[in-house]
Structure formats: C-alpha cells, structure tokens
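Welcome to this short briefing. Have a look at the sequence and model below, and then we can walk through the charged contacts, the ligand site and a pocket together.

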Amino acid sequence: MQTNLADFIKDSPEGQEADAILRTCVHCGFCLATCPTYQLLGDELDSPRGRIYLMKQMLEGEPVTQKTQLHLDRCLTCRACETACPSGVRYGRLVDIGRGIVEKKVGRGAAAGAMRYALRQTLPNSKLFSSLLRLGRGIRPLLPGSLKDSIPPEAKEMQLAGAWPPARHTRRMLVLEGCVQPALAPNINAATARVLDKLGISLIKAENAGCCGAVSYHLNAQQEGLDYMRRNVDAWWPYVGNEMEINARQERGGVEAIVMTASGCGVTVKEYGHLLRHDPAYAEKAARISELCKDISEILEAETQVLANSINSLPVNPRESKLAFHSPCTLQHGMQIRGVVERILIAAGFELTVVPDAHLCCGSAGTYSILQPELSQQLLKNKITALESGSPTCIATANIGCLMHVRGGTSLPVSHWIELLDERFVKSAHA
Ligand code: SF4
Ligand code: SF4
C-alpha cells in the first residue's frame, strides 16, 4: 500500500514504524473472515482492513472524528488478523500507535475518561485491587444486578493456593506474579511452582516486580505502561544480567528463564525489547528480559516425555476426564504458540474435546469486557457454545482474564491448565 504520512508524524519513531506496517498491507482482505468484530457487526470499518484504512487516513492528516475512535475502540486487539495475514502485517503494533494518536486528537468525555483512569489506577495495583475485591465480595449481595455481575464471586477451587515448594534446586526460574492474578487465582503460580519443582526447577519471585504494563499501555497511557515495564526490568535484572554475568550467576543460583502463567502478560513482556528500544538506559536490558521470557507451556514442552512417563500410571479425576481447552488470543495469535498446551495435556492423559472456531476471542481482551460489554457478552456466548459443544466435564485456559470471563458464562468448572496438571502430576502422586 502506498502511503504519504503527514508532517506531524512522519519523522517520529512511531510514524516510521506505522508507515512500514501500512506499506506491508496489500488490501487482500484475507483477514476479514477471521475478525470477531467483523463477524458480529458486518461493517468493513469494524474489520482489520477497514481499521487499517482509517489509521492510514489519520496518519496522512485527514480529519479524525469520534467515529474513527469508535471503530478502533471496538477492536479487541485479539490479533487473529495477524495469524490470517499472508503479508505479515503487524496489526497489533499499528493499532496501539493509531489509538494513541486518536486519543490525543479526539480525547474522551469525562465519564469515559474517568472510567479508564480508574481502571489504570486499580488493576495494576495488586494490593488496592485485592482490597477492593474483598470489599466488593463483602457487599455483593446488596448490589444491583449489573454491578453484582462485575464482581467475580470467590470460586471454591481458587480459595487455597496450596504450598509453594522451597527453592531447593540449582535450576531456577523467575515467575511474574502479575497484578490481578494473585487476588483472583493465587493457586495458578503455586501450582506452577509445584509442577516445576517435580521437574527439578525452583520457581522464585522478584520482590519488586508487578503489573507487566499492558493495562496502561493498551488504555493509551503508553508512558505509564512503559514505566511499569522499566520497573519490572529493574526488579528482574539482579537475577538476570547480561550473557557473561548469567553464566556466573547461574553458578550462584541465577535464573534461566522468566516464566509467565498469564499469556496476556507473556505477550507484553516478550515485547519489552521492542517497546523500550529507544530508551538508552533500558534498551539492552529489556531485550534480554524479552529473550528470557517464556510462557509456561514453552518450558513444559521440553519436559513432555518426563511428564507423560510420570503421569500415565496415575488415576484421572473424573471431573477432569474430558476437557475443553480455550486457547487465549494472546497465546495463539500474540505469541503464536498453538497446539503446545494441547499436546502437553494429551501427553498427560487428558481427553480433549474438539472446540469449533477455536481461533475466535472469548470477549475478555483485557479491559474490553468492561469497556465494550455488549460485544464482549456476544462473543462470550458464542465461545461458551463452542466450548460446551463437545460435552466436556471441565474447561481449561491459559490466561487469568479469559478464565474469569469464561467462568462467568458457564456452570462447568474453569481452571488454568497448569492447575489440572498439578492435580494430576503432583497432588495425585501423593494421594
Ligand atoms: S492486513 Fe493482511 S490480510 Fe488484511 S488486508 Fe492487509 S495484507 Fe490482506
Ligand atoms: S485484532 Fe482482532 S478484533 Fe481487531 S481487527 Fe484484528 S481480528 Fe479484528
């Protein structure tokens, strides 16, 4: 596609990046069929190609209106269009850049701005989120319907995190605790620590690490998001170091990977190197952090045979005998990790059902379920129908946002897949 970017943006790093992305789009439309919002709304401007065209017009200096903002807001950033695109258009980066510019040009009304500010203040702050969640759950019975529905009730299987094994192995990995996950599902990281401990790897936490930065970054507070990223780089660096330092550190118990148990965080941390590439103080360190960042499925993929050998003699919990796996968009499209979790679960003895349209988003998409509730609920309904179509006894996923969202639409138990593996691999071995 030919472009002619306007003076206000063409010489900036963002402008140059957007220009390069726009030029790769050949307008073929292969991405349309895979786009969830185009499927629901049938409007070209709610498709990847339509949004790319809107962003091109804006970057070329055409007037920007709230209509432009609406079509970009409706995008889930699921990146299914990237998977479908034969030309390798990096749509996710383009829409982040485009949204930032629309926000500056059009702004937000007071109520919408306040809602976004509140989300940015609350979600990344795990202590504040935890206190508000406790308070919300306490007064939940007194709240009206829609407000009540926005507060997730405490699920029985998530109340107890269980024991975190002591760091006793030479092989060590860091884990990102994240922001909302410790309050909503503390068992996920504890289960990961137990599974890795069985494989001879100790999982440790860095005290000052926190939110990965995705919430702020995707709500167009990009500098704030980058600050969260810098904070994590600082928190992890003493455990990591450069290539030479790491060899010395590993002998003293340094880490070989930074493990993500929420694919929404993983996709962001893997982009730290790119997002901080123009920051001279952080560029190199951030690139190293991204290199070391691994989704838990990538770590366990290398151990599949060990898992299979250890697990196959163990009994399967009937509750988990037939499993529907929901692969989050951040896992299958963002990180391009497809089929890995499924292979691990099958090797571990689980029976997986076939899930139609598995490439489609469940409608969680970070803060999308709060900011675009109608579209989000339609997508959830479709996703639950697809997940339940194979008559599973439980559902598993790989991201805390999807987990809570899917749980809101079904009566089946919904867990992180690592919790099921932990149940089978660690707990049942002790039963
Ligand atoms: S984003 Fe890719 S698939 Fe979509 S129109 Fe452009 S080149 Fe074609
Ligand atoms: S990111 Fe998802 S919702 Fe947005 S344009 Fe691409 S496919 Fe459609």
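Let's start with one glutamate in this predicted model: E303 counts as buried, because its relative accessibility of 14% is under 20%. Its salt-bridge partner is R171, with N and O 3.8 Å apart.

**Salt bridges across the chain**
- R171 belongs to strand 1 and E303 to the loop between helix 19 and helix 20, so their contact ties together parts 132 residues apart in sequence.

- In helix 18, R288 and E291 form a salt bridge with their closest N and O atoms 2.5 Å apart; about one helical turn separates the two residues.
- R288 is buried at 10%, and E291 is partly exposed at 48%.
- A network of salt bridges links E17, R90, R93 and R277, and the whole structure holds 25 salt bridges.

**Ligand 1**
- Ligand 1 sits in the largest cavity, with C25, C28, G29, C31 and C85 coming nearest among the 13 residues around it.
- The shell around ligand 1 has nine nonpolar, three polar and one charged residues.

**The second largest pocket**
- This pocket has a volume of about 320 Å³ and a lining of 18 residues, with S126, E207, A209, G210 and R231 nearest its centre.
- Helix 9 and helix 14 are the elements that each give two or more residues to the lining.
- By class, the lining has nine nonpolar, four polar and five charged residues.

Terms used: Residues are numbered from 1 along each chain as its sequence is written. Chains are lettered from A and ligands numbered from 1 in the order in which they are written. This is a predicted model: local features need pLDDT of at least 70, side-chain atom pairs count only at pLDDT 80 or more; totals for chains, interfaces and linings use all residues. Side-chain values use heavy atoms; hydrogens and water are left out. On a 1 Å grid over the protein atoms alone, a cavity is a set of points where a 1.4 Å probe fits but cannot get out, and a pocket is an open set with protein on both sides within 12 Å along at least five of seven lines; lining residues have an atom within 4 Å of a point. Grid points are joined across faces, edges and corners, and a volume is the space filled by probe spheres set on the points. Helices (H or I, at least four residues) and strands (E, at least two) are DSSP runs, numbered from the N terminus. Ala, Val, Leu, Ile, Met, Phe, Trp, Tyr, Cys and Pro count as nonpolar, Asp, Glu, Lys and Arg as charged, and the others, Gly among them, as polar. A residue is near a molecule or strand if one of its heavy atoms lies within 4 Å of it. A molecule sits in a cavity or pocket if more than half of its atoms lie within 2 Å of its grid points. A salt bridge is a side-chain nitrogen of Lys or Arg within 4 Å of a carboxyl oxygen of Asp or Glu. Buried means under 20% relative accessible area, exposed over 50%, partly exposed in between (1.4 Å probe, protein chains only).
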